[in-house]
Amino acid sequence: EIMIPEDSVAGDVLQIQVGNSSSHRRDAATKSSSLMDELNGLEDDDVNETKLVQNNVREGVAAVTLGEGLKSTVTLQLLEELPKNDSSSTVFDREGDGTANCPWPSGIVLAQSLTSKVGIEYLTKMLKHSEGDEFIDCMELGSGLGTCGIAMAHALASIETPSITSYQIVLTDRGDETIALLRENIDRNCTFGSANKKLSVTPHPLTWGNELLTDCSAPKKFNCIIGSDLLYNSRESYEPLLNTIQQHLHPDGTVILSVRWRKPELEREFFRKAEKLGIIFVNWKEFEECESFKGRCPARLNWSEYGNPESECSNEYFLKTNVSVGNVTKSLAAITEDDMECMNDEEYASFEEKQIQIYVAGYSAKKKGRKRDFDRIS
């Protein structure tokens with residue numbers, strides 16, 4: 001029997017989540033295990049029961065207010081599904097795992113940080129390092145609804161750069177329906193006033209490792225590549241993801257990655273593989289020191305420390321960082337799945353953000369030289 005919400009009307013879309021005994025119908029023993037027990041697990045897993053704080057669910061629109069660094073307040077209105085007149089007349093390829101149709105907490109944090117005062121200052125410095133380049137290219141990987149890519153566009157539009165004549169921001173993901181949804185959200189949220197002439201924001205299908213965006217038959221190089229919550233699925237995606245980053249990152253380019261840790265022992269493998277390729281991820285210090293985010297995302301751990309039981313600073317973080325469960329304060333280490341189900345939306349949002357970090361990366365100095373030589377030859 002399926003329960004229909006009382007305030008539903010004809011034409012509303014009813015979303016049903018189907019689970020199985022191994023994932024959604026956890027037994028009591030699993031539900032009572034603490035977050036530290038979950039973090040130390042080594043199995044590849046699906047997204048671990050992340051409860052989404054939905055905005056305006058009935059209308060299928062998520063509202064995300066961007067950071068205070070913009071010249072005026074901007075609230076994105078992101079469609080979570082295509083308008084019925086479009087989706088009813090077109091049959092789309094539904095490639096993907098269904099995670100693209102909602103804004104995730106790590107994406108919201110990245111979008112707000114890029115458009116904060118600290119984010120604008122960071123991007124301004126990045127552009128100064130690109131002096132001499134008339135064209136700046138940015139790419140978002142795993143765009144979903146386009147939250148971060150559209151936020152990046154608003155951030156760049158707010159920066160005065162007379163020497164730069166063009167910005168191209170490419171939002172990528174898999175599946176025709178996701179690309180169509182991205183196009184809708186770009187059209188609805190990308191108005192930049194006088195900066196419109198400089199900025200181009202476009203969606204493009206991209207499967208990591210298998211496809212390349214090309215420029216005159218060579219892989220297109222991007223000054224900045226951004227992404228959020230890209231490590232959640234399994235270790236099998238890490239090499240294709242890194243291959244895509246390696247192929248498309250400019251020798252002097254920057255990667256900005258928002259990570260919501262779930263299985264740190266597995267997810268660390270991504271960063272180890274990146275270092276072997278000469279792509280070095282470090283904490284985004286400016287973000288961590290920003291007053292707007294200190295309380296929201298207080299973790300100051302590098303990727304080798306977070307959730308590592310051998311790291312004293314990580315163990316201390318989980319024991320001393322507190323969250324609320326029904327107005328009762330508990331340490332992050334003691335949180336169970338039952339606790340998560342008892343949290344209200346505000347408490348759950350805070351719980352999520354305390355497990356989010358943002359890392360930035362670029363090629364090591366040695367690797368930069370090799371990349372320039374290779375790109376010049378090819």
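I take helix axes as lines fitted to C-alpha atoms over the stretch in contact, with angles from 0 to 180 degrees between N-to-C directions. Helices (H or I, at least four residues) and strands (E, at least two) are DSSP runs, numbered from the N terminus.

The model is predicted: local features need pLDDT of at least 70, side-chain atom pairs count only at pLDDT 80 or more, and totals for chains, interfaces and linings use all residues. Residues are numbered from 1 along each chain as its sequence is written, and side-chain values use heavy atoms, with hydrogens and water left out.

**Helix pair**

I looked up α4 (residues 105-114) against α6 (residues 147-157). Their axes lie 8 Å apart, at an angle of about 5°. The two helices are therefore roughly parallel (under 35 degrees; over 145 is roughly antiparallel, 65 to 115 roughly perpendicular, the rest oblique).

Next I listed the contacts (heavy atoms within 4.5 Å). From α4 come G107, L110, A111 and L114; from α6 come T147, C148, A151, M152 and A155. Seven of these residues are nonpolar, two are polar and none is charged. Here Ala, Val, Leu, Ile, Met, Phe, Trp, Tyr, Cys and Pro count as nonpolar, Asp, Glu, Lys and Arg as charged, and the others, Gly among them, as polar.

**Aromatic pairs**

I paired Phe, Tyr and Trp rings (six-membered ring for Trp) with centres within 6.5 Å; planes under 30 degrees apart are stacked, over 60 edge-to-face, the rest tilted. The count is 16 pairs.

W261 and Y359 have ring centres 6.4 Å apart and planes at 90°, so I log the pair as edge-to-face. W261 sits in the loop between β9 (249-260) and α9 (264-276), Y359 in strand β13 (residues 356-363), 98 residues apart. Both W261 and Y359 are buried (under 20% relative accessible area; exposed is over 50%, partly exposed in between; 1.4 Å probe, protein chains only).

Y306 and Y317 also have centres 6.4 Å apart, but with planes at 55° the pair is tilted. Y306 is in the loop between α11 (291-294) and α12 (312-320), and Y317 is in helix α12, eleven residues apart in sequence. Y306 is buried at 0% relative accessibility, and Y317 is buried at 9%.

Which residues form one aromatic cluster? I find Y238, W261, F270, F271, F281, W303, Y306, Y317, F318 and Y359.

**Positive phi**

D229 is not a glycine, yet its phi is positive, about 55°. D229 lies in the loop between β8 (222-228) and α8 (238-248) and is buried at 10% relative accessibility.

N327, also not a glycine, has a positive phi of about 70°. I place N327 in the loop between β11 (322-325) and β12 (328-331). N327 is exposed, at 72%.
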